[in-house]
Amino acid sequence: MEHGCVLVPGDGIGPEVVAAARRIIDASLANEGSSIRWVERDAGTAALEKGHDSLLPEDTVTAIKEEGVALKGPCTTPIGGGFSSVNVALRKTLDLYGAVRPVRSLDGVETRYRDVDVVVVRENTEGLYAGIENEITPGVVTSLKVATDRACRRIAKFAFTYARDRGIGRVTAFHKANIMKLSDGLFIRCAREVHEAEFTDIEYEELIIDAACMRLVQDPSRFGVLLCENLYGDVVSDLCAGFVGGLGVTPGANFGEKNAVFEAVHGSAPDIAGKGLANPLAITMSGVMMLNHLSVKTGDADMGRAASRIRDAYDRALREGARTGDLGGDLGTEAFADAVIERF
Ligand code: NAI
């Protein structure tokens, strides 16, 4: 089978790591009958540089709607002013409401923690990320936190379904409903009701976000799926990335009813962009999630096998000491990709 997939290189280290991931995926698929037809499209400041008049060109959105899946590099968002986030716009435009960030300890990557295996499920469309901010008068601003019954319920259902499908026994909702009684109150009330109605086979608990962070760093192994509203999910994803070696090894995916966009948790890393130093593993792992998604969605076992081959190869590469600089090694982006491909 041939599967169309939109490839968005993005900004900063994006083009480097996306090219490496594509090479790894194609090399793995070369052992199978199936293939990917990459449809390259632009987003971010890279789109402006290539002459588009928008950071998120219409033909990029259209291509993702046509193909149903995309592998996307990071896009830069300026701090404290300038244009608003392309990533947020893409998630809203395609209604990619469920972000999934699996965080797993890797053999060969030494950290303070062992046997971490948690999944952050983040609501992707509302909360403070709705970006509704006003300057009431100079020196006074407000930022509106949005929560709707529909979005809270569907992300809860998504998290419980994800847990059940993968045999994960516990879902923990992170909240601050003691202070944000209405918005976070709605979030946990919906989660509780969804749990009671359909998912009593899965353990459900609620933790106030500050205490939850402390318990996470004390013992991440007690957690399974972490159900978070948008901003908490954003912060907790990076916190969890720190358990397993950092942003270079933490993949992600954004799911809607019709489309899915796979992207690493990390950003465009301007400090190392263009130097060939970035770790391509996080986006490669996101690519593995994409292959598995295609396998389940279309029943194409070749995709599942190609995904397992890549996962086995990077696990082995890491165990055998192949590492990029962020993990204490000396390989560059391309050399690490070669090290993975050599192990197929
Ligand atoms: P960042 O994730 O780009 O970088 C944080 C630190 O991690 C830096 O020291 C960087 O060198 C390192 N790092 C990140 N990815 C790495 C990799 N693959 N290999 C080795 N080291 C890596 O976060 P930062 O600096 O806060 O954001 C930079 C830009 O990226 C901002 O404009 C931000 O808005 C954007 N961003 C975009 C995201 C997306 O497109 N999904 C997600 C997060 C941030």
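**Burial and packing**

Tutor: Tyr-314 counts as buried because its relative accessibility is 3%, where buried means under 20% relative accessible area, exposed over 50% and partly exposed in between (1.4 Å probe, protein chains only). This is a predicted model: local features need pLDDT of at least 70, side-chain atom pairs count only at pLDDT 80 or more, and totals for chains, interfaces and linings use all residues. Residues are numbered from 1 along each chain as its sequence is written, and side-chain values use heavy atoms, with hydrogens and water left out.

Student: Where is Tyr-314 placed, and which residues does Tyr-314 touch?

Tutor: Tyr-314 is in helix H10; helices are DSSP runs (H or I, at least four residues), numbered from the N terminus. Contact means heavy atoms within 4.5 Å. Not counting residues up to four places away in sequence, Tyr-314 touches Arg-104, Leu-106, Leu-281, Met-285, Val-288 and Val-340.

Student: Which residues of helix H11 are buried?

Tutor: In H11 (residues 333-342), Thr-333, Phe-336, Ala-337, Ala-339 and Val-340 are buried. Seen down the axis of H11, these buried residues fall within an arc of 155°, so they line one face of the helix; the arc is that of the directions from the helix axis to the C-beta atoms. Their cover includes helices H1 (14-29), H9 (281-298) and H10 (301-319).

Student: Which members of the largest nonpolar core touch the most other members?

Tutor: In soluble globular proteins, nonpolar side chains tend to be buried together. A nonpolar core is a set of buried Ala, Val, Leu, Ile, Met, Phe, Trp, Tyr and Cys residues joined through side-chain atoms within 4.5 Å. Of the 87 residues in the largest one, Ile-36, Leu-71 and Leu-227 touch the most other members.

Conventions
Helix = DSSP H or I, 4+ residues; strand = E, 2+ residues; numbered from the N terminus.
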